[in-house]
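Dear colleague,

Please find below the structure that I am handing over to you. My findings follow after it.

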Amino acid sequence: MRRRQCGKVLFALLVLGILSGCATQRSDGLSASRADVVLAGLSQVGTPYVYGGTTPGEGLDCSGLTYYAHHVAGVQIPRVSIEQLRAATPVPGHHPRPGDMVFFRTGPDQHHVGLMVDNDRFVHASTSRREVRLDRLATPYWQARYLGAGTYLK
């Protein structure tokens with residue numbers, strides 16, 4: 001296993017240990033379904049980006065990742081990012097929580113989506129890096145394209 005992949009796996013395991021639990025409401029305020037969505041998203045870090053991809057571990061696009069993560073948590077959502085944006089319950093303000101989806105306009109008719117994993121970072125299938133990875137919401141690139149956050153979780 002490459003050194004970078006080892007680091008990602010260790011990070012995911014650390015987050016897994018922090019977020020795992022069987023209670024419906026955890027002491028850190030995360031519901032079990034939010035924790036499940038976050039863990040499912042993080043489990044795909046390093047998976048190749050594939051346009052239209054829906055196969056965990058083999059190839060995902062951005063909305064395929066969010067669809068998969070919600071499916072693991074038992075939450076049904078639309079498959080494509082624009083429909084995910086339209087159907088999600090808007091999250092007020094600029095403070096999405098872990099498990100919330102963050103939406104971006106990356107081109108005239110192009111939308112992108114990721115999953116918040118904490119108060120700063122989100123996991124997404126990156127077209128530029130060609131893999132599922134973590135990024136910071138506060139970076140200038142993402143802030144300039146940010147449309148807002150939405151959720152399917154309580």
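With which residue does aspartate 100 form a salt bridge? The partner is arginine 34, and the closest N and O atoms of the two residues are 2.8 Å apart. Please note that the model is a predicted one.

This pair connects distant parts of the chain: aspartate 100 belongs to the loop between β3 (89-91) and β4, whereas arginine 34 sits in helix α2, 66 residues apart. Both partners are buried: aspartate 100 has a relative accessible area of 1%, and arginine 34 one of 3%.

The whole structure contains six salt bridges, and two others deserve mention here. Arginine 79 pairs with aspartate 61, with the closest N and O atoms 3.1 Å apart. Here arginine 79 lies in the loop between α3 and α4, and aspartate 61 in the loop between β2 (59-60) and α3, 18 residues apart. Arginine 79 is partly exposed, at 23% relative accessible area, while aspartate 61 is buried, at 8%.

Arginine 136 forms a salt bridge with aspartate 120, where the closest N and O atoms are 1.9 Å apart. It joins strand β7, which holds arginine 136, to the loop between β5 and β6, which holds aspartate 120; the two are 16 residues apart. Arginine 136 is partly exposed, with a relative accessibility of 43%, and aspartate 120 is also partly exposed, with 27%.

The largest nonpolar core has 21 residues, and Val37, Met101, Leu115, Val123 and Val132 have the most contacts inside it. Two or more residues each come from α2 (32-42), α3, β4 (101-107), β5 and β6, and α2 gives the most, with four. Apart from this core lies another, of nine residues, including Val91, Met116, Trp142 and Ala149. Beyond its neighbours within four places in sequence, valine 123 is in contact with residues that include Leu42, Leu65, Leu115, Val132 and Leu134.

Finally, there is the largest pocket, which holds about 590 Å³ of space. Its lining consists of 24 residues, of which Tyr49, Cys62, His111, His112 and Thr127 lie nearest the centre. Among the elements that give two or more residues to this lining are α3 (62-72), β6 (121-126) and α5 (140-145), and the largest share, three residues, comes from β5. By type, the lining divides into seven nonpolar, eleven polar and six charged residues.

With kind regards

Key
Residues numbered from 1 in each chain as written. Predicted model: local features only at pLDDT ≥ 70, side-chain atom pairs only at ≥ 80, totals over all residues. Heavy atoms only, no water. 1 Å grid on protein atoms, 1.4 Å probe; cavity = no way out; pocket = protein on both sides within 12 Å on 5 of 7 lines; lining within 4 Å. Points joined across faces, edges and corners; volume = space filled by probe spheres on them. Nonpolar A, V, L, I, M, F, W, Y, C, P; charged D, E, K, R; others polar. Core = buried A, V, L, I, M, F, W, Y, C linked by side-chain atoms within 4.5 Å. Buried < 20%, exposed > 50% of the residue type's maximum accessible area, 1.4 Å probe, protein only. Contact = heavy atoms within 4.5 Å. Salt bridge = Lys/Arg side-chain N within 4 Å of Asp/Glu carboxyl O.
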